[in-house]
Amino acid sequence: MSTRTRTRLPGRLAALVTAALLALAATMVGLSSASAAPQPATPVPASGGEAWPDYGDGDADVDIAAAKLLLIQIGFDPHMDYDRPIYFDGHMSHSVRAYQEYAGIPETSRLDADTWEALSDDTFGLYRRGSTGEAVEAIQRLLNAKYALHLLTDGIYGPNTEAAVRSAQNDLGIGVDGIAGPVTFRALITYQDYDR
């Protein structure tokens, strides 16, 4: 019986490798359809989407509540005040800084682009019906705030959460599958055109 050692690429490296392979595949498809009518080039942001929002001490937003839940999930509990979950307070600043040190990114004590990318890489796989936990509650809170829904924020990915994710994916112009993964998470966080 043979044994194999399995190596796991860090999240960002895996994402870069995947993006490079997708770009190569797209190029190959483009070469094979050279006879098709020319299409205008649409620039794709290098970051893969809209810019991540930036939050620090004193800020308040549902995105901060989502980040608090993700920090709890990975062991950096900011002692969330469930009466005021959307506020970036001293506990949050301390937890963010500790997480940034752990993740090997600049220690700014802010929810900046590097921190959002690392949090996404460390917490977002694919969440679907039957999934549970803090990341699911974060998705529910984001959907409630940004789409004026009334989902139960119980951290259980049930049929109502799945339907809400599908609707949001359609609105955000991303693949509609009812599964909340890194693309859906980023689209929900970066979506800022909603009534607060």
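Mentor: Start with glutamine 169. Its relative accessible area is 1%. The cut-off for buried is under 20%, so glutamine 169 counts as buried. Find glutamine 169 in helix α6. Now look at what surrounds this side of the helix. Leaving out residues up to four places away in sequence, glutamine 169 touches Ile174, Gly175, Val176, Asp177, Gly178, Ile179 and Thr184.

Keep in mind that this is a predicted model. How far can you trust this part? Helix α6 covers residues 159–172 and has the highest mean pLDDT among the elements, at 98. Helix α1, residues 11–32, has the lowest, at 42. Over residues 1–47, pLDDT stays under 50. For that stretch the model has nine contacts beyond four places in sequence. Where pLDDT is low, the predicted coordinates should not be read in detail. For the protein as a whole, the average pLDDT is 82. A score of at least 70 is reached by 76% of the residues.

Alanine 148 sits in the loop between α5 (134–147) and α6. Buried or exposed? Alanine 148 is exposed, because its relative accessible area is 61% and the cut-off for exposed is over 50%. Check its backbone too. The phi of alanine 148 is near 50°, a positive value in a residue other than glycine.

Histidine 79 is another residue to check. Its phi is positive, about 50°, although histidine 79 is not a glycine. Histidine 79 lies in the loop between α2 (62–73) and α3 (90–103). With a relative accessible area of 54%, histidine 79 is exposed.

Now go on to helix α7, residues 182–190. Thr184, one of the residues that glutamine 169 touches, is on the list you saw above. Two packed helices are described by the angle between their axes and the distance between the axes. Helix α7 packs with helix α4, residues 113–123, at an angle of about 145°. Their axes are 10 Å apart. The crossing of α4 and α7 is right-handed. Which residues make the contact? From α4 come Trp116, Glu117 and Ser120. From α7 come Pro182, Phe185, Arg186 and Ile189. By class, this contact has four nonpolar, one polar and two charged residues.

Follow the chain past helix α7. Aspartate 195 is found in the segment after α7. Its relative accessibility is 75%, so aspartate 195 counts as exposed.

Finally, step back to the whole protein. There are seven helices and zero strands. Along the sequence, the pattern reads α-α-α-α-α-α-α. Of the 196 residues, 37% count as buried, and glutamine 169 is a buried residue. Residues 24 or more positions apart account for 55% of them. The surface comes last. The protein exposes about 11700 Å². Carbon and sulfur atoms supply 55% of that area.

How values were computed: Residues numbered from 1 in each chain as written. Predicted model: local features only at pLDDT ≥ 70, side-chain atom pairs only at ≥ 80, totals over all residues. Heavy atoms only, no water. Axes fitted to C-alpha atoms, helices over the stretch in contact; angles between N-to-C directions. Helix = DSSP H or I, 4+ residues; strand = E, 2+ residues; numbered from the N terminus. Left-handed = near helix turned anticlockwise from the far one by under 90°. Contact = heavy atoms within 4.5 Å. Nonpolar A, V, L, I, M, F, W, Y, C, P; charged D, E, K, R; others polar. pLDDT = per-residue confidence, 0-100. Buried < 20%, exposed > 50% of the residue type's maximum accessible area, 1.4 Å probe, protein only. Areas by Shrake-Rupley, 256 points an atom, 1.4 Å probe, with all protein chains shown as cover.
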